Amino acid sequence: MRGLYALKPWYTRQLDGVVRWAVARDVSPDVFTWLGVVSAALAAVAIAVGVWPLVLVLLAGRLAGANLDGAVARARGVSRPWGFVVNELGDRAGDLLMFVGLAVLLGRLQGGAGLVLVLVAALVATLPTFVSLAGAGAGAPRINGGPFGKTERCLVVVVLAAAPGLSPILLPVMIGLSLVTVGTRLRELHRVLA
């Protein structure tokens, strides 16, 4: 099950002009990693105040940065292990910032219950990444995708910025589907590594 990650090739094609521009100017792929992190930081502020159209644009920027860093590295022929580390740190920082904004929003509107639910969702949502990185550390290819990965998390946060009252429904869905994603990735890693 690939989830919205299945749209990545289409999204990459939409960004092809940026990749060509970056290659022509020898722009470091790390620039795009950090542009994604900055977009996530700005999105966190927009999430905290509930300006969902801005959240949508900024989280799309976050996903673009996460996509462009690898695309530019491959197109320039400068992929390297350290780039993998920078990419992962940028992705984790982007997730953390997004959840901080959501915690501020729901903590303000719903008090402690909303805050606790966000913190649990943030913790559980990181587990699929831990599984993928553990597999990569053991020699498997990096497994991405769903049913609930980074793109789905961003989509749910946009919806929650627009309609915070849906958090008692959507955050448990995020938690449950993140756990399903853990199981899916573990099963795939076991198949690859066994």
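What is the volume of the second largest pocket? I looked this up in a predicted model, and the value for the second largest pocket is about 160 Å³.

Entry on the lining. I listed the residues that line the second largest pocket: Arg92, Asp95, Leu96, Phe99, Val100, Ala103, Val118, Leu119, Ala122 and Thr126. I then looked up which elements they come from. Helices α5 (81-110) and α6 (112-137) each supply at least two residues of this lining. The largest share, six residues, comes from α5. I also sorted the lining by class and noted seven nonpolar, one polar and two charged residues.

The elements giving two or more residues to the patch are α7 and α8 (167-193). I noted that α8 gives the most, with four residues.

Entry on Val180. Is Val180 buried or partly exposed? Its relative accessibility is 43%, so I wrote it down as partly exposed.

Entry on Ala162. I found Ala162 in helix α7, which covers residues 150-162. Its relative accessible area is 41%. Last, I checked Ala162 against Trp52, which is 110 residues apart from it along the chain. The C-alpha atoms of Ala162 and Trp52 are separated by 5.0 Å.

Technical notes
Residues are numbered from 1 along each chain as its sequence is written. This is a predicted model: local features need pLDDT of at least 70, side-chain atom pairs count only at pLDDT 80 or more; totals for chains, interfaces and linings use all residues. Side-chain values use heavy atoms; hydrogens and water are left out. Buried means under 20% relative accessible area, exposed over 50%, partly exposed in between (1.4 Å probe, protein chains only). On a 1 Å grid over the protein atoms alone, a cavity is a set of points where a 1.4 Å probe fits but cannot get out, and a pocket is an open set with protein on both sides within 12 Å along at least five of seven lines; lining residues have an atom within 4 Å of a point. Grid points are joined across faces, edges and corners, and a volume is the space filled by probe spheres set on the points. Ala, Val, Leu, Ile, Met, Phe, Trp, Tyr, Cys and Pro count as nonpolar, Asp, Glu, Lys and Arg as charged, and the others, Gly among them, as polar.
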